Amino acid sequence: MTAAADPAQELARGADPRSRRTGGDVAVDISHLTYDYARAGVRALDDVSVQIRAGEIVGVVGQNGSGKTTLTKHLNGLLKPTSGRVAVAGVDTAGKRVQELAAYVGYVFQNPNHQLFASSVEVDLGFGPRNLGVPEDEIAERVEQAIAFFGLEAVRGQHPYRISFPMRKLVGIAAIYTMRPAIFVLDEPSTGQDHITTRKINELIGRLREEGSTVICVSHDMQLLADVADRLLVMWNGRLIADRPPRDVFADRDVMAQTKLEPPQVTEISLRLRSRTGALPALAVPELAATLEHALARPASGGS
Amino acid sequence: MQGVAVPVSMVAGNSFIHRLNPIAKLVWVLAVLVISFATRNPLFLIALSIVGLGLVTMAGIWRQFSRVMLILLPVATSLIVFQSVAPAFPQPWTPIATIGPFTIYQEGIYSGLSLLARATSMTIFALVMIMTTHPSDLFTSLSRLHVPYVLNFMLAMTLQLIPVLQREIGVVMSAQKSRGMKSTGFGAVIPSFVPVFAGAIERVQQLSISLESRAFGSSGHKTSYRQVAVRPVDWVVGIAGFAFLAVCIAVFLNTGALDMSRTLIFPPALAIVLVAAAAVLFVGFIASAIWVVIRA
């Protein structure tokens, strides 16, 4: 039997099949970041330190108000640290304007209505790269690529407000994609989406990974993160309380209870059967099926 | 994110003005409105404005208030400049000085100052009320006065939408800056305002559906969660507002609305300094506006 022939089999034997991408260079370096919303007198981030490497897909989870969005807003300079340091691609964000950082960090807002405005989807897709000073012929090329990548052919000439909300959400991501940032920040990409669009977003994140992009995804959708994330950053009360692979985080009952998070159903089932299967917790249906099959195929070890 | 929009919303506080009943404040705002239109005497109106600034101090809202008042500055300078050379006043005009090809008229300065002081006094009192009154308190108080519910609701909704829209403008500006939008001037208008207005229209549509589904406009006595007390001091302040209005009107009727257009003489030096300063500021505004448009 060759090693890593079947990820699910590997999992059943107690090894994590996810290739542990150590990634490339440090893409984001946050050290001792503290942020206060002065007007409200609220400390939203409290001494957060984390490094994210190029090509990683990182999920940010936590309850509402735990500091997830405040953290990600530091990446493109929308917020500047009260104390501590945030460096993106080696550049300290403190002295940079949002518009300058936009070339490195693409921030996809939760509500696409906040960013779309142009008379057609096509024009809107060209807005970002035009702001960055990309030549017109290359803009046209990038727009075509984005339309193909996101499957927007049918709506390319339509007004962004006239298309369905799930489609608009994709246009919102596509409008950042055309700017070719090295780092994508996705804020709740699957909120309010039907199953098909969520799957599509899932697939898109996978393809961004293949293209070498770094993706930082804030989400309450544990299944989405279980599917795509290499690491989860767990925020609680403005503090980073865990920074581990999703499998470890979901298996950590204390962290999950503290943040009132629940693992995906598949993982929960797998965790409850863990004493019987001996396998690592599954993150997806094929993994769970494989661990169960493996456990059932084992000769009964005496128990009834 | 901050400082994108001009905040014309309530500033939290616990001053005497904050605690005053909304109706008492409204009486004063309406009284000042009527008085400001009833006279053209700039000295009287400036005095009224100074009283208003005293209220701003009492309420402790100078920082937010002065940001809004900055908007009046271009209006102020243009009023002084244009009125002084072409007064909106019956002829004959008395020339008092000349700057290049322009002749400054006595009546022009009078007219410019009075229009400016009129706008200023009304704005100050209105802002003091808006910035110290929770919209819901105003709403509750007005319905106790049997103001028709729909009218009352329209007023309250308008006031409540201001902070909502301001927050929305902040988010949209952040989103567009994240897409590399460089300009904050003319070039930013379409990308920032289309989402805000489209959002506002959508919000209002949803609001109307939600209102109807909660039986908006059905008959019967409306109750309110918020209770606004009417203390004796509120009565005193409210009645004082009416009394002030009545006294002013009586004085105006007996003195020709305190008309001093022919008796208040401006020394030429003062007129030149005033008009020159206003002109420099005004040209500065125009130039900076053009520069912002070109840069965008």
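Predicted model: local features only at pLDDT ≥ 70, side-chain atom pairs only at ≥ 80, totals over all residues.
Next, the contact between the chains. Chain A puts in 19 residues, and chain B puts in 18 residues. On the chain A side, two helices each supply at least two residues: H3, at 98-101, and H4, at 121-131. Which element gives the largest share of that side? That is H4(A), with 3 residues. Now the make-up of the side of chain A that touches chain B. We count 12 nonpolar residues and 7 polar ones. There are no charged residues on that side.

Last, one residue: A:Gly67. You will find A:Gly67 in the loop of chain A between strand S3, 57-61, and helix H2, 68-73. Is A:Gly67 buried or exposed? Buried, because 24 other C-beta atoms lie within 10 Å, and the cut-off for buried is 20 or more.

So what does A:Gly67 touch? Set aside neighbours within four places in sequence. The contacts are then A:Ala44, A:Leu45, A:Gly62, A:Met235 and A:Gly238. Take A:Leu45. A:Leu45 and A:Gly67 sit 22 residues apart in sequence. In space, C-alpha to C-alpha, the two are 6.0 Å apart.

Definitions and conventions:
Residues numbered from 1 in each chain as written. Chains lettered and ligands numbered in written order. Contact = placed C-beta atoms within 7 Å. Helix = DSSP H or I, 4+ residues; strand = E, 2+ residues; numbered from the N terminus. Nonpolar A, V, L, I, M, F, W, Y, C, P; charged D, E, K, R; others polar. Buried ≥ 20, exposed ≤ 12 C-beta atoms within 10 Å, placed from the backbone.
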